[in-house]
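I opened my notebook on this structure and wrote down what I looked up, step by step. The entries follow in that order.

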Amino acid sequence: MESGADEGFGAARRTLLRMLTLINSDGPLAVARNNVEVQRMSALEVLGRPQGSPKDRPAVVNDFSIVVATVNGSGSQTANNTLIRAIFKMGVPVNGKNLFPSNIAGLPTWYTIRLNKDGYVARRDQAEVLVAFNKDTAAEDLAKLPPGGVCIYPADLKLERSRDDATYYPIPVKEFLEDLDPKLRDKVATMVYVGALAELLGIDEAEIRAALLQHFRGKEKVVDLNFGVVQTAAEWTRENLPKSDPYRAERMNATEGLMLIEGNTAGALGAIFGGVTVAAWYPITPSTSLIDALNGYLPTMRLDENGAPTYAVIQSEDEIAALGIVLGAGWAGARAMTSTSGPGISLMTEFAGLGYFAEIPGVVWDIQRIGPSTGLPTRVSQGDILSVYFLGHGDTRHVVLLPGTVGECFDFGWKSFDLAERLQTPVFVLSDLDLGMNLWMTRPFEYPDQPLDRGKVLSAEDVNRAGGFARFADTDGDGIGYRTLPGTDHPLAAYFTRGTGHNEQAVYSERSDDWEKNLDRLARKHDTARTLVPQPVLDDSGRAEVGIITVGSAGPSVYEARDQLREQGLETDYLRVRALPMDATVRDFVARHERVYVVELNHDGQLCKLIQLETPEHAGKVRSAAYCDGLPLTADYVRNAILEGES
Amino acid sequence: MATTAKPGRTPSPKTNLIGLEKSEYRGGVSTLCAGCGHDSISSQIMAVAFELSLRPSQIIKMSGIGCSSKSPAYFLNRSHGFNGLHGRMPSIATGATLANHSLLAIGVSGDGDTGSIGLGQYKHLIRRNVPMTYIIENNGVYGLTKGQFSATADVGQSLKYAGLNELPPIDLCLEAVVGGCGFVARSFAGDAKQVRALLKAAIAYRGTAVLDIISPCVTFNNHDSSTKSYPYGKEHEEALHDITYVAQYEEIVVDYEPGTVREVRLHDGPVIQLRKLNEDHDPTSKLTAVQLLEESAEKQEFITGLIYINENRPSLPELQHLPETPLARLDESALRPSRAAFDHLMAGLA
């Protein structure tokens, strides 16, 4: 990534615009240009130089990463969110990734903050600035620093300075907290590194205070307490630790008009604007925060004129019951949803098959993590693509939405209900831990541009006019029948719902021809779904031989890798799948390119296999570039995988 | 007991208060074995729905999987029905009643569906107090899979297919009482009158009402030594009370000696009259209910009737403070917050 040195801000802005346009796929960003001139030098360029005195090294501005190593449960999330929001408010593109253990307290956790003036938000393998606040991992963390890196650590850590190329900043953490109530010390200890980083990197203290105000929802007392520690630490750093490293954050305005939000919060807000009425769930990382956000926003956003909630959120006894409640509610006319992760999905299998065959609307969010069983429950994966698409027994293919940005989490949050009711089927939304639980920059969301689509529901008057109805007759040729809701007051309105064989009139049947006709109609319905689900995001020059297909949160790593490949002389085209079943766009894209790499975050190349199934005549040129190690993909990985394939 | 209806409001023999005939409560033709206890219960459900003048379109019929769970297809064709998954009817009913709390849910399950695969959902349905009548057609045996013991089979019992059962039974009434259920009753499919009275009371109850009905399986478990058989039930049934359900619109003329009748007034006005038979059982005491169930199991007595009633727990929709208009009937103006609310939200997130 050596282009940074000579690019003016205009070029950087264009990069950001292009990238956010592509990954947001919801129109260009309307933001002002920035004319601020700062010295820019990418991290890689610094590393390529012979090491002189640190003070002689040119500044590295807004293009480096910070890794904060702490002990789980130490309250570092507040500190890290504060840092991210402050940097973001300085106008610097930023992304945070939390690598945390499956543990309440005591195990190591790492939080990585990437500042990138060009707007790249994918994970990087290395971080130049280390906050080594966990004594158990400090030595290992120090060893991982790139050449010339920075290590900030508590003075009493007795850290062995094993790296002579690093810059060390020991901070007397305990001394800053001595005057505080002992009960409060642990809660604000992490603010010490916020203060030290603010001073050393040049993060605006006013923005830190603003971020704390937002985090603590305007509670001045707790903000003052935390900010006091930040200021004390910053002041001490200023007086005692001369700056001797090149890393700097400097104000720009590349984030104007944008906001920061987690995918799970975005998805919950989407559901609220989609009219969710029943949500049933069972706690599971990393999906719980989606329901937390529902519970956080619903009480203020969804009360009727008498103050009664227009929704019910039920914590069920397990994921089986969660989907049972969703299907019962969807059958009776509610907009019902659940949110889970892989192990919950497997428990829901039987209900998913019933919902598909009994044709009942419902929305199931799967915030993917590494499975099976408990697997690596706090690490990201896109490992449920195949299992969810075919979830059930017998011939089952579900409608699956694949958001790749927080904006799409919001959009699919409401669109999924329209699709579920239109298609009368469970609709799955596959997000993942990285997209769901980390903070991402986004343009503000768009208010839904279509009214609620409640699908083919007959009223008593409709039934009366038609003189009855056959629940599973394909009257319109789209594979979708008409339904009535329980409570429809007409003698001919009722029908019997079952998973067992049934004919068009919903009457029990074990006849072969009834079964066959039903499956044929369901296949037609699946083809109808192809025309209704979100289309892929496409960046296709029509000239490149190489196409890259990706999905979900893998998008940013591919986007960055494409820029790197272009600099090395390899043009690529890009397609991000946003739903299953796939439409003709994917087939055409594969057909047009000589070689197609499918980049996804799992081991077996699940999306790749699906694409091969959908395009058998081109299967040989579709190659898997899948990878799964529990961490979000890096551009380096994607670039190398494609270069390797091309060599 | 003697009751007379208000003059001028007597239903004609052919139609009930909402003008429907008995035939309009019918279901499809049963495919269960001739003489199955479940068919008898289906008949009582139809009779009760007719007698209570229930509107069929307001009823939902819920079930799991098994012989019992097939039966909702054999009554009330004009009501929506949902034959769900094995042991999972409670969750479906929970969702349906949350979506539309104006519906009257009647669930039919079996001893396998409730006592084995569905025991967890059964307990959690009760814990949430989902408003529904939950009927267990209990015959101690799996029919559709040809005669395995269920979890309610008696210890020491022998069956041709399954051999000797060495495990103690799960008492589904006891589980209900312990789980906080506010309406727990046991009956016998061969005692149509009592089944009808209990069904009416259960339907009028505002939370989860459990009705465990011993319903003999004529094919696999109807021999004399089985406590789930017709001969055993007829010989050993001991009703706790002579129970009468008195709906709101009837004027009650009671002519009993003092101290012989308990009256339980339900939420919306109906009254359950319990006439003392042998020993007096107080169904409002949870401890007494538990003691009764434990002792009758120990003495191998087949007691039937209203075992426990408590109307003080709010039902799930009440706990959720749901609006009067069912969630399923809310329109876009209620479901989608305004553009102004959206703009306010976005401004707060920026």
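**Entry 1: a bridge partner**

Which residue in β17(B) is the bridge partner of B:Val184? I looked it up: the partner is B:Tyr308. I then took the strands themselves. Strand β10 (residues 183–188) of chain B and strand β17 (residues 302–309) of chain B run antiparallel, joined by 4 bridges. I noted helix α9 (residues 286–298) of chain B next, which packs on the sheet and touches β10 and β17 of chain B. The direction of α9(B) makes about 165° with that of β17(B).

**Entry 2: confidence**

I am working with a predicted model, so I checked the scores. The predictor gives the complex an ipTM of 0.94 and a pTM of 0.93. Chain A averages a pLDDT of 91, and 91% of its residues score at least 70. In residues 1–10 of chain A the pLDDT is below 50, and this stretch has 22 contacts in the model beyond near neighbours in sequence. Residues 21–53 of chain A also stay under 50, with 77 contacts beyond four places in sequence. Chain B averages a pLDDT of 92, with 94% of the residues at 70 or above. For chain B I marked residues 1–5: pLDDT stays under 50 there, and the model has 14 contacts beyond four places in sequence for them.

**Entry 3: the two chains**

I counted elements next. Chain A has 23 helices and 26 strands. Its radius of gyration is 27 Å, close to the 26 Å that the globule rule gives for 647 residues, so chain A is as compact as a globular protein of that length. The C-alpha trace of chain A spans about 85 × 60 × 45 Å along its principal axes.

Chain B has 12 helices and 17 strands. Here the radius of gyration is 21 Å, close to the 20 Å from the globule rule for 350 residues, so chain B is as compact as a globular protein of that length. Along the principal axes, the C-alpha atoms of chain B fill a box of roughly 75 × 55 × 40 Å.

**Entry 4: the nine-strand sheet**

I went back to the sheet that holds β10(B) and β17(B). What is the strand order? I read an open sheet of 9 strands, β20(A)-β3(B)-β2(B)-β4(B)-β5(B)-β11(B)-β10(B)-β17(B)-β12(B), with mixed pairing. β20 of chain A and β12 (237–239) of chain B stand at the edges with a single partner strand each, so one side of each has no neighbour in the sheet. Neighbouring strands are turned by 20° against each other on average, direction ignored.

The sheet takes strands from both chains. Strand β20 (residues 496–498) of chain A pairs with β3(B) in the parallel sense over 3 bridges. A:Phe496 stands opposite B:Gly81 in β3(B).

I also followed α7(B), which lies across β4 (104–110), β5 (132–138), β10, β11 (208–214), β12 and β17 of chain B. It runs at about 160° to β10(B).

**Entry 5: the three-strand sheet**

Chain B has an open sheet of 3 strands in the order β13-β16-β15, with antiparallel pairing. Its edge strands are β13 (241–246) and β15 (261–265) of chain B, each pairing on one side only. β15(B) and strand β16 (residues 271–276) of chain B pair over 5 bridges. In β16(B), B:Val271 stands opposite B:Arg265. Helix α7 (residues 192–204) of chain B packs on this sheet too, touching β13 and β16 of chain B. Its direction makes about 50° with that of β13(B).

**Entry 6: where the chains meet**

How many residues of chain B are in contact with chain A? I found 46 residues of chain B in contact with 54 residues of chain A. On the chain B side, β3 (80–83), α3 (89–99), α5 (119–128), α11 (332–335) and α12 (339–349) each supply at least two residues. α3(B) gives the most, with 8 residues. That side divides into 23 nonpolar, 18 polar and 5 charged residues.

**Entry 7: domains of chain A**

Chain A is divided into domain 1 (3–257), domain 2 (261–442), domain 3 (457–532) and domain 4 (537–646).

Note on methods. Residues numbered from 1 in each chain as written. Chains lettered and ligands numbered in written order. Predicted model: local features only at pLDDT ≥ 70, side-chain atom pairs only at ≥ 80, totals over all residues. Contact = placed C-beta atoms within 7 Å. Nonpolar A, V, L, I, M, F, W, Y, C, P; charged D, E, K, R; others polar. Pairing = 2+ DSSP bridges. Axes fitted to C-alpha atoms, helices over the stretch in contact; angles between N-to-C directions. Domains from an automatic or database assignment. pLDDT = per-residue confidence, 0-100. Rg over C-alpha atoms; globule rule 2.2 N^0.38 Å.
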